[in-house]
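Please read it alongside the sequence and the coordinates.

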Amino acid sequence: MRFSDLILGLLLLAGAAVLFSAASGLPPIPGQAYGADVFPVLTAAGLAACGFILAVGSVRAGPFPLAQATWVRTPGAGFRAAATIALVLAYIALTPLIGFVATATVVLTGLFLLVRVPVVQAIGIALATALFTYLSFNMLLRVPLPRGLVEGFLP
Amino acid sequence: MNAVLAGLELVLRWDVILTILVASAFGLVVGAIPGLTATMAIALLVPITFFMDPIPAVGAMISCSAMAIFAGDIPATLMRMPGTPASAAYSDECYAMTRKGEAEVALGANVLFSALGGLFGTAVLIVSAPLLAEIALGFSSFEYFWLALMGLACAIFIGSGSPVKGLVSLFLGLFVAQIGIDNPAGVPRFTFGNSNLLGGVDFIPAMIGLFAMSEVIRTIAAGAPDWSVRQTSLGNPLKGWGRLIVKYWPQQIRGNITGTAIGILPGAGADIAAWVSYAMSRKFSKTPEKFGTGHVEGIIESTSANNAALAGAWVPALVFGIPGDSITAIVIGVLYLKGLNPGPTLFLNNPESIYAVFIIFIIANLAMIPLGLAALKAGTALLRFPRRILIPLILLFCIVGAYAVNNSAYGVVLMLVFGILGFLMEEHDIPIAPCVLGIVLGKMLEESFVTSMIKADGNLLAFFERPIAGGLGVMTLLVFCLPLWGALKRRRAAAT
């Protein structure tokens, strides 16, 4: 997924406008000329300048096909990228409900299947890794990963 | 002398030595796998360091990064695929040597000169850091403002292909640094009513996202294909070490000096050091026509430089709290967490920790030789580990690491957001390093600017009134102006 410099420039200009309006609402330090708004305003100005340069440069250079990264040409690349993000979102949503071990097994299996690891192998490695990670982080490093379904079975 | 002994006492403990060895092995594996960088190795290591004492934590990061930078040379030599960007400059040259049947000479030179380069950088660190710290004790907000700005300028104009895209990255980083209540007016800024954001964006999940998660998304999108590794039989990598040292000592010294200098420069790190040194080696070589055909001269100079740069980058990091490269950017975050706040006062209040850091640098670089030689034997086996299995495991490690920062899912959310951001940035050729420096230096830049303006009652000329501040100011403005002047000159030449 790649936008042209023109679209990128326009997006930056829009972002700069939003940042500028948000910064303008910040209260000043009483009695001082420089407050919490100075740096956001400067950042917005910088982003706007960059956006303008990119957009103008792109228009001047004229239309030319965008060079896409090699991975984009792999069939199903967009789906796999989106699915990876979705699986992390699923991890965030599911861990409080079913705990780390179950969620990590599901997410890892999903990732393995995305890159065509055979199903049985995927589930086996996912479960073993989830258990190993849970035990090492919970017991050795004292990170309280959510127990969920393993409550009562594992420490 | 007492501080040196106390430093030795801190380091020469079984847990510290074991940590250094394990972290070296971890750095070796991550560095040797193409696509995984030394910075990523450090970002993944950070959550583990939470549970360590300060010295083993710092030791882990030093040894891991030193080893990862060297290990990047292994796939560069065997497969023409640099393990880390720092090996990219000379991977063609190394691979050409492999094709000529001289893989062991190339890899042997990589081990030896990486270690020597690291030791040279360490020597400079040991000598210069305390001296600079003494000078830095007199620094005020004016000097820190210019130092921070110079770090950002170097990152844009030295480190990236397109200065405009480097600037975009920097402004994004500065914006991230502005989030939270920690600002001159003490008002919530861009927190959208979210209490998690009041304290600002947690640096470590952001780093894990930018450096590791983005790479995971890209690799899984590509289907995580395995590399086709050709079996290269390795002879004795120790062969000809003496001859190489005698014959190429000027290249080695020049590489060491260039590497350390570039490392010290805020914002520029090992990869830039390697590129500059390789180009320099070719320029000064008596046989430039041999470059590209499998000639060890350029390899020696640039492999010396990238490891020297690693130690050099610690100079501004320890003395001013300004990162020399993206690795030290992460290290600074860990130093704060461990109560070893970087800055000149660290040298006064905690000299034994500083000496411990120096000693760890020496041990890590000395350990590189036996560990590196062992790694060469395991090199091709390491590269045969299926990426389809490895990459999902890295993602799980990223998730757990981001969670462990605050033991909350908020860290995972941050990691994901920054992972997507990093992925999109790289898709658009927007470099990540300036963004990281913007996040690290943003607060220092703003605080020093506003404090200075309050002190000077709004008079901008005050930034040039103190001698060191004035000098730093002129240097910073030059870093900004020189590339613009160069571009204008090129345009004029093209027009005529």
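## Helix packing in chain B

In helix 2 of chain B, the residues Asp15(B), Val16(B), Thr19(B), Ile20(B), Ala23(B), Ser24(B), Phe26(B), Gly27(B), Leu28(B), Val30(B), Gly31(B) and Ala32(B) meet Ile55(B), Pro56(B), Gly59(B), Ala60(B), Ser63(B), Cys64(B), Ser65(B), Met67(B), Ala68(B), Ile69(B), Phe70(B) and Ala71(B) of helix 4 of chain B, where contact requires that the C-beta atoms of two residues, placed from the backbone, lie within 7 Å. By class, this contact of helix 2 with helix 4 of chain B has 16 nonpolar, seven polar and one charged residues; here Ala, Val, Leu, Ile, Met, Phe, Trp, Tyr, Cys and Pro count as nonpolar, Asp, Glu, Lys and Arg as charged, and the others, Gly among them, as polar.

The model is a predicted one, in which local features need pLDDT of at least 70 and side-chain atom pairs count only at pLDDT 80 or more, whereas totals for chains, interfaces and linings use all residues. Residues are numbered from 1 along each chain as its sequence is written, and chains are lettered from A and ligands numbered from 1 in the order in which they are written. Helices (H or I, at least four residues) and strands (E, at least two) are DSSP runs, numbered from the N terminus.

Two packed helices are described by the angle between their axes and the distance between the axes. The axes are lines fitted to C-alpha atoms, for helices over the stretch in contact, and the angles run from 0 to 180 degrees between N-to-C directions.

| Helix pair | Angle | Axis distance |
|---|---|---|
| Helix 2 (residues 14-32) and helix 4 (residues 54-71) of chain B | about 30° | 7 Å apart |
| Helix 3 (residues 38-49) and helix 20 (residues 387-406) of chain B | roughly 45° | within 9 Å |

The angle makes helix 3 of chain B oblique to helix 20 of chain B, while helix 2 and helix 4 of chain B are therefore roughly parallel to each other; angles under 35 degrees count as roughly parallel, over 145 as roughly antiparallel, 65 to 115 as roughly perpendicular and the rest as oblique. Helix 2 of chain B passes helix 4 of chain B in a right-handed crossing, and the crossing of helix 3 with helix 20 of chain B is left-handed. A crossing is left-handed if the near helix is turned anticlockwise from the far one by less than a right angle, and right-handed if clockwise. Leu44(B), Val46(B) and Pro47(B) of helix 3 of chain B make the contact with Phe397(B), Gly401(B), Ala404(B) and Val405(B) of helix 20 of chain B, and these residues divide into six nonpolar, one polar and no charged.

## Contact between the chains

The contact between the two chains takes 44 residues from chain B and 52 residues from chain A. On the side of chain B that touches chain A, two or more residues each come from helix 9 (163-178), helix 11 (203-221), helix 20, helix 21 (409-427) and helix 22 (433-455) of chain B. Helix 20 of chain B gives the most to this side, with nine residues. By class, the side of chain B that touches chain A has 33 nonpolar, six polar and five charged residues.

Chain A has four helices and zero strands, and is divided into domain 1 (5-67) and domain 2 (71-150), the bounds coming from an automatic or database domain assignment. The C-alpha centres of these two domains of chain A lie 38 Å apart. Among contacts in chain A with a separation of 6 or more, residues 24 or more positions apart account for 61%. Buried residues make up 33% of the 155 residues in chain A; a residue is buried if 20 or more other C-beta atoms lie within 10 Å of its own, exposed if 12 or fewer, and partly exposed in between.

Ala130(A) lies in helix 4 of chain A and counts as buried, with 24 C-beta neighbours inside 10 Å. Not counting residues up to four places away in sequence, Ala130(A) touches Val101(A), Ala104(A), Thr105(A) and Leu108(A). Ile53(A), found in helix 2 (residues 38-61) of chain A, counts as partly exposed with 19 such neighbours inside 10 Å.

Arg116(A), in the loop between helix 3 (77-114) and helix 4 (119-140) of chain A, has a positive phi near 60° although it is a residue other than glycine, and with 10 C-beta neighbours inside 10 Å it counts as exposed. Phe190(B), in the loop between helix 9 and helix 10 (195-198) of chain B, also has a positive phi, of about 50°.
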